[in-house]
Amino acid sequence: MSNTPIELKGSSFTLSVVHLHDARPEVIRQALEDKVAQAPAFFRHAPVVVNVSNLEEFTQWRAIQQAIMSVGLRIVGVSGCKNPQFKAAIDQSGLPLLTEGKEKIARAMPVEQPKPAEPEPIVSPITKTRMIDTPVRSGQRIYAPNCDLIVTSHVSAGAELIADGNIHVYGMMRGRVLAGAGGDREAQVFCTHLAAELVSIAGEYWLSDQIPAEFYGKAARMRLGDGALTIQPLN
């Protein structure tokens with residue numbers, strides 16, 4: 001056991017990015033309320049990054065910050081800020097100014113200043129599979145790092161499945177399902193009964209109302225195509 005009271009380690013997290021296209025706090029609040037209402041369990045107290053790259057002029061950051069927090073979201077940083085006054089206001093609010101990298105987990109915008117090309121991050125090889133033979137209950141979160149995840153039973157609403165590889169569910173698939181969590185855009189989701197609150201692959205996601213109606217409740221296979229989620233019958 002280490003004798004030091006703290007230890008700093010690098011890590012990565014899957015975060016949603018709220019891209020603002022309107023500076024009016026009330027408009028932002030209403031739009032976020034509508035989005036949160038689609039999947040309240042997923043968005044409640046969710047950490048988010050706010051991208052302000054489309055707000056060209058300095059605006060009242062405090063009012064915008066309060067509008068976002070009023071719907072229950074937790075701002076962990078702000079990206080895409082170019083205006084010096086805007087940057088100063090964000091800094092005074094106690095939030096970090098972030099520089100987003102290439103589009104990966106959070107579907108980020110390009111960075112503000114051009115930088116030398118960086119090599120693509122190395123995706124850890126999938127070397128094993130995590131198997132779950134019992135029902136996944138509401139409130140449970142199961143993570144399969146650097147491997148596929150197979151669930152041979154039902155997944156309840158309010159549960160969460162996360163895998164760096166593929167996810168297979170051989171039962172009713174409710175809850176939230178996030179494949180390719182480490183950035184693997186080749187990951188896929190397979191299920192025998194699609195009824196999820198949210199399905200995500202490498203940060204691209206559908207809420208329940210975005211799942212094509214003809215596939216809801218059916219056996220389906222989901223993957224990325226041209227940068228967006230696609231779906232087909234599971235034959």
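## Salt bridges

A salt bridge here is a side-chain nitrogen of Lys or Arg within 4 Å of a carboxyl oxygen of Asp or Glu. By that rule, this predicted model holds 7 salt bridges. Side chains of opposite charge can pair when their charged atoms come close.

Let's start with Arg29, which has two partners. Its salt bridge with Glu26 brings the closest N and O atoms to 2.1 Å, and the one with Glu33 has an N to O distance of 2.4 Å. Because Arg29 and Glu26 are 3 residues apart in helix 1 (residues 25-38), about one helical turn separates them. Arg29 and Glu33 also share helix 1, 4 residues apart, about one turn of the helix. Glu26 is partly exposed at 47% relative accessibility, and Glu33 is partly exposed at 34%.

Glu204 and Arg185 form another salt bridge, with 3.9 Å between the closest N and O atoms. This pair links distant parts of the chain, 19 residues apart: Glu204 is in strand 13 (residues 204-207), and Arg185 is in the loop between strand 10 (176-179) and strand 11 (189-194). Glu204 is buried at 9% relative accessible area, whereas Arg185 is partly exposed at 26%. There is also a salt-bridge network linking Arg141, Glu160, Arg176 and Glu197.

## Around His168

His168 sits in strand 9 (residues 167-173) and counts as buried, with 15% relative accessibility. Its contacts beyond four places in sequence are Leu149, Ile150, Val151 and Phe190. A 3.3 Å polar contact connects its side chain to that of Tyr170.

## The whole chain

The chain has 4 helices and 15 strands. Of its 235 residues, 43% are buried.

Conventions: Residues numbered from 1 in each chain as written. Predicted model: local features only at pLDDT ≥ 70, side-chain atom pairs only at ≥ 80, totals over all residues. Heavy atoms only, no water. Helix = DSSP H or I, 4+ residues; strand = E, 2+ residues; numbered from the N terminus. Buried < 20%, exposed > 50% of the residue type's maximum accessible area, 1.4 Å probe, protein only. Contact = heavy atoms within 4.5 Å. Polar contact = N/O pair within 3.5 Å; in protein donor to acceptor, adjacent residues only side chain to side chain.
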